[in-house]
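Hi,

Here is the model I promised to pass on.

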Amino acid sequence: MSFNSTRALEIVKYFTEDIDDPFNLIPVLLITLCFAWCGFPSGKHKVLAWWALFNGCIIHCWMEVFIGTFARGPKWMVVGYGKLDVRYWPTKDPMVMGIVALELFIMGPLCILWYRSIVKDLWWRHFVSVLVSAIQMTGTILFAGVEAYDGFKHVPVDWPPKFDTFDKIFYFWIFFVLANGLWIFAPVTIMLQTLLEMKDVYNPANSSEKKCN
């Protein structure tokens, strides 16, 4: 099989179009700020810290707001958002815009504070962990549930569901179904784990007895 340089250049051009948009610097600046203010993730809660950082600096403050709502950013991601769910920038559905505003002004800053509380092991880490996870879970259920109630009119899928096109498999089954499922499963898991940790914190006697036994 010979190397097709023309095809390769087309692929590179596709993924780099609008890469120079200044809004693409937002996640870089936010992550740099978090590292400078809080430090790097480490210890037994390292994975949780990366999750908080990813949500705060990339998902809530960049992708959902500037790419999904204002169609600013790498063109392939902007086009992908439009195919994934036309309630984003193609139609700017009021309910989705409300969730996006919540992400920008509340969830983004909360996730950054959550990241700091994890890295610095601050006393209010458990409270923020439960708060952020509860809001994430509720927002995801509202986002996906309303679309399901509406008959999946804004996403690329037929009913009964089929797997006959790339858009249906990639945008609906992978990104709409699996990604929304992840943003329900992960917050529930984090809340349960946090509550178990809080039990040990507020019941040190019981925790000590278990260790002795």
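Below are my notes on the rings, the cysteines and one of the helices.

Bear in mind that this is a predicted model, where local features need pLDDT of at least 70, side-chain atom pairs count only at pLDDT 80 or more, and totals for chains, interfaces and linings use all residues. Numbering starts from 1 along each chain as its sequence is written, and side-chain values use heavy atoms, with hydrogens and water left out.

Rings first. Searching the whole structure turns up 19 aromatic pairs (rings of Phe, Tyr and Trp, its six-membered ring, with centres within 6.5 Å; planes under 30 degrees apart are stacked, over 60 edge-to-face, the rest tilted). One of them is Phe 35 with Trp 50, edge-to-face at 6.1 Å centre to centre and 85° between the planes. Phe 35 sits in helix α2 (residues 26-38) and Trp 50 in helix α3 (residues 46-67), so this pair ties together parts 15 residues apart in sequence. (Helices here are DSSP runs of H or I, at least four residues, numbered from the N terminus.) Trp 50 is partly exposed at 42% relative accessible area (buried is under 20%, exposed over 50%, partly exposed in between, with a 1.4 Å probe and protein chains only).

Phe 170 and Phe 175 also pair up: their ring centres are 4.9 Å apart and their planes at 65°, so that pair is edge-to-face too.

Arg 87 lies over the face of Phe 143, 4.4 Å from the ring centre (the cut-offs: NZ of Lys or CZ of Arg within 6 Å of the centre and within 35 degrees of the ring normal).

Now the cysteines. How many disulfides does the structure hold? The count is 0, a disulfide being two cysteine sulfur atoms within 2.5 Å. For Cys 34, the closest cysteine sulfur is that of Cys 57, at 3.7 Å, too far for a bond. Cys 34 is buried at 1%, and Cys 57 is buried at 0%.

Lastly, helix α6 (residues 125-149). Just after α6, Gly 151 has a positive phi of about 85°.

Cheers

Note on methods
Helix = DSSP H or I, 4+ residues; strand = E, 2+ residues; numbered from the N terminus.
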